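Please keep the model open alongside the text.

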Amino acid sequence: MADLLPNMELFPMSSRVNDKEHLEVGGCDVVDLVESYGTPLYIYDEFTLRNMCSQFKNSFTSRYKNTEVLYASKAFINKAIAQIVSDEGLGLDVVSGGELFVAIDAGVDVEKIYFHGNNKSPDELEFAVRNKIGTIVVDNFYELTKLDEIAHGQGVMQDILIRLSPGIDPHTHEKTTTGILDSKFGFSIETGDALRAIKLSDSLSNLSLEGVHFHLGSPIFELEPYELGIKTVLSFTSANNIELNVFSPGGGFAIGYVQDGLPPSVDSYAEIITETLISTCSNLGIKPPKLVIEPGRSIIGRSGVAVYTVGAIKDIPSIRKYVSVDGGMGDNVRPAMYDARYSAVVANRMADDPEEIVSLAGKYCESGDILIKDINLPILETGDIIAIPASGAYSPSMASSYNLNPRPPMVIVSEGNDRLIRRREEYQDYLIFDSIK
Ligand SMILES: Cc1ncc(COP(=O)(O)O)c(C=O)c1O
């Protein structure tokens, strides 16, 4: 029956169609999971998550031994996920005090945590230094002097990387491009800020500059931007006699959301990055530094499936048929925010052929709340279960309780077992934060 699953490479690796013609993930029938947990529901396949961690580790370390792989936790973090990626030997990249707090609480080795962000508050920096976070990736002059002051106050020598903005366009959505000149992130090489920041950091008594970082954007479907980025940054450091113990070209590795947009393999990314690093270091006469990469989406995206139930159906003849589901932009803002494309299947009728083009709409009070604008699916009925693959990254982490719709629960599935890793939000939760005089 496995051949009944279209777009296999978009779904978790353990997915198949079972004898009931239902979608199955991690040995669990999605229809049964819906009966247990309701919808909307996010299902994570543990096998895929662990497999992606080891793919990244193996692909990179087999080519460049001195590589550290960090999971970019902004893609999605909670305690269960932090523990799985740590168990797989990955470090963690965090971008806020909140992500850091969860990582620490989950027992992640603080030495393997890198703290990013373009406007870390003094409180966040103080929290990080107090908890002996391995590396802080400094993004701007304000942070550089503030962090030195905090480290000095705590009598700590803090390891840092400087985030550079290399002025390279990775050809992704403008809202997810970070490495170009016109970006809020990092010290620009072009304007001279990068060199000024490195010189300043050398003069600060409680910061130890270990190397440089850049992140071009996400998702990056091309390999050339990495090559260009690495050459540009290493040429800059070499020309200015900046010694590097650590070199981090960030994350941004793409995943497949739709069949006509499949990404390069992990091996291809590993090959271009390590090959460029090795050859550029050799050409410039630089000692090869430790390589730190930060995949987020590509670690967790494919393991996640979003599941919804069809409710209202509105047909506007010759115009459009809107099929509304019980989630939407509150649990996945990516289509509304980035025009992100997705595909979908009918999880309770996997053998049925696609028959009509519809738009899958969310239930939020916004016209822009459309999950998939045009998709060819079997004739849908109220009660059908829709599964959207490649939903593990950024959708749950960007989820909101807009319209006070409860955020969905998350379950991890593995070898026929399911485990709740986050409960559904309840109406009562909305009262917890409010106070009335
Ligand atoms: C500094 C940094 N590293 C890593 C990532 C992870 O990117 P991705 O999830 O595309 O791998 C991001 C995301 O934007 C980032 O800003």
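Strand E2 (residues 23–25) is joined to E3 by two bridges, and the two run antiparallel. Val-25 sits opposite Cys-28 in E3. Strands here are DSSP runs of at least two residues, marked E; helices are runs of at least four, marked H or I; both are numbered from the N terminus. Two strands count as paired when DSSP finds at least two bridges between them.

This pairing belongs to an open sheet of three strands, in the order E1-E2-E3, with antiparallel pairing. Its edge strands are E1 (16–17) and E3 (28–29), each pairing on one side only.

## Basis of the model

The model is predicted: local features need pLDDT of at least 70, side-chain atom pairs count only at pLDDT 80 or more, and totals for chains, interfaces and linings use all residues. Residues are numbered from 1 along each chain as its sequence is written.

## Domains and their contact

The protein chain is divided into domain 1 (2–38 + 303–432) and domain 2 (47–296). These bounds come from an automatic or database domain assignment. The C-alpha centres of the two domains lie 32 Å apart. Domain 1 gives 24 residues to the contact, and domain 2 gives 20. Contact means that two C-beta atoms, placed from the backbone, lie within 7 Å.

On the domain 1 side, the elements giving two or more residues are helix H11 (334–338), strand E20 (410–414) and strand E21 (417–422). By class, that side has 13 nonpolar, eight polar and three charged residues. Ala, Val, Leu, Ile, Met, Phe, Trp, Tyr, Cys and Pro count as nonpolar; Asp, Glu, Lys and Arg count as charged; the others, Gly among them, count as polar.

## The largest nonpolar core

The largest nonpolar core holds 116 residues, of which Ile-43, Val-307, Ile-386 and Ala-387 touch the most other members. Both domain 1 and domain 2 give residues to this core, so it lies between them. A nonpolar core is a set of buried Ala, Val, Leu, Ile, Met, Phe, Trp, Tyr and Cys residues joined through C-beta atoms within 7 Å. Buried means 20 or more other C-beta atoms within 10 Å of a residue's own; exposed means 12 or fewer; partly exposed is in between; C-beta atoms are placed from the backbone.

What does Ile-43 touch? Leaving out residues up to four places away in sequence, its contacts are Val-25, Val-30, Leu-33, Gly-304, Val-305, Val-307, Val-411 and Val-413.

## Parallel strands

Strand E5 (residues 67–72) is mostly covered, with six of its six residues buried. Thr-67, Val-69 and Tyr-71 point one way; Glu-68, Leu-70 and Ala-72 point the other way. In a regular strand the side chains alternate between the two faces of the sheet. E5 pairs with E13 in the parallel sense over three bridges, and Thr-67 stands opposite Leu-291. E5 also pairs with strand E6 (residues 91–94) in the parallel sense, over three bridges. There, Tyr-71 has Leu-92 as its bridge partner.

Strand E11 (residues 207–213) is also mostly covered: six of its seven residues are buried. Six bridges join E11 to strand E9 (residues 158–165), running parallel. Gln-158 has Leu-207 as its bridge partner. Three bridges link E11 to strand E12 (residues 246–250), again parallel. Val-212 is partnered by Phe-247 there.

## Two residues compared

Ile-136 lies in strand E8 (residues 135–138). Is Ile-136 buried or exposed? Ile-136 is buried, because 26 other C-beta atoms lie within 10 Å. Its contacts, not counting residues up to four places away in sequence, are Phe-115, Ala-128, Leu-147, Gln-158 and Ile-160.

Pro-288 is in the loop between helix H9 (266–284) and strand E13 (290–293). Pro-288 is partly exposed, because it has 16 other C-beta atoms within 10 Å. Pro-288 and Asn-66 are 222 residues apart in sequence, yet 8.9 Å apart in space, C-alpha to C-alpha.

## Around the ligand

The ligand is surrounded by 17 residues, the closest being Ala-72, Ser-218, Gly-251, Gly-296 and Arg-297. By class, the shell has five nonpolar, eight polar and four charged residues.

Methods: A residue is near a molecule or strand if its C-beta atom, placed from the backbone, lies within 6 Å of it.
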